[in-house]
Amino acid sequence: SCAFCIVSGAPEGWTAPIAAEVSAALLRWLEPEGNLKVFGGEPTLIAGELQPLFQELRRGGFSGWITLFSNGIQAQRLVELMEGTTN
C-alpha cells in the first residue's frame with residue numbers, strides 16, 4: 001500500500017532525471033566487462049531514461065552485465081528495456 005508502489009500504477013514518490021554526467025562517470029568507474037547493478041527503486045518507472053543510459057554505456061565500451069532488480073509487475077516493460085525497444 002506504499003504511495004510510490006508500481007502496483008497501483010500511479011507512483012507519488014519523488015524522482016530526479018538521470019544527469020548527463022552519469023554515463024561518463026559510470027564509464028570511468030566500471031570495469032569494461034563488469035556488472036552494473038540497478039536497484040533501490042523500480043527500474044520500469046524510468047525505463048525511458050535508463051535505456052539511453054545503457055545505450056551510451058555500450059557505445060562507450062562497456063560490454064559487461066547490466067543487472068536490474070525489479071518486482072516483476074511490469075515484466076514486459078523490463079524485457080523491452082533490455083532489448084532496447086522501450087518508447
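**View 1. Helix α2 passes helix α3 in a right-handed crossing.** Right-handed here means that the near helix is turned clockwise from the far one by less than a right angle. This is a predicted model, where local features need pLDDT of at least 70, side-chain atom pairs count only at pLDDT 80 or more, and totals for chains, interfaces and linings use all residues. Residues are numbered from 1 along each chain as its sequence is written, and side-chain values use heavy atoms, with hydrogens and water left out. The axes of α2 (residues 47-59) and α3 (residues 75-83) come within 9 Å and cross at roughly 25 degrees, so the two helices count as roughly parallel (angles under 35 degrees). Axes are lines fitted to C-alpha atoms over the stretch in contact, with angles from 0 to 180 degrees between N-to-C directions. Helices are DSSP runs of H or I with at least four residues, strands are E runs of at least two, and both are numbered from the N terminus.

**View 2. Who touches whom between α2 and α3.** On the α2 side we have Ala47, Leu50, Gln51 and Phe54, and on the α3 side Arg77, Glu80, Leu81 and Met82 (contact is heavy atoms within 4.5 Å). Sorted by type, that's five nonpolar, one polar and two charged residues.

**View 3. Phe39 and Phe69 form an aromatic pair.** There is one such pair in the structure (ring centres within 6.5 Å). The rings sit 5.7 Å centre to centre with 85 degrees between the planes, making the pair edge-to-face (over 60 degrees). Phe39 is in the loop between β1 (35-38) and α2, and Phe69 in the loop between β2 (65-68) and α3, so the pair ties together parts 30 residues apart in sequence.

Key: Parallel < 35°, antiparallel > 145°, perpendicular 65-115°, else oblique. Nonpolar A, V, L, I, M, F, W, Y, C, P; charged D, E, K, R; others polar. Phe/Tyr/Trp six-rings, centres within 6.5 Å; stacked < 30°, edge-to-face > 60°.
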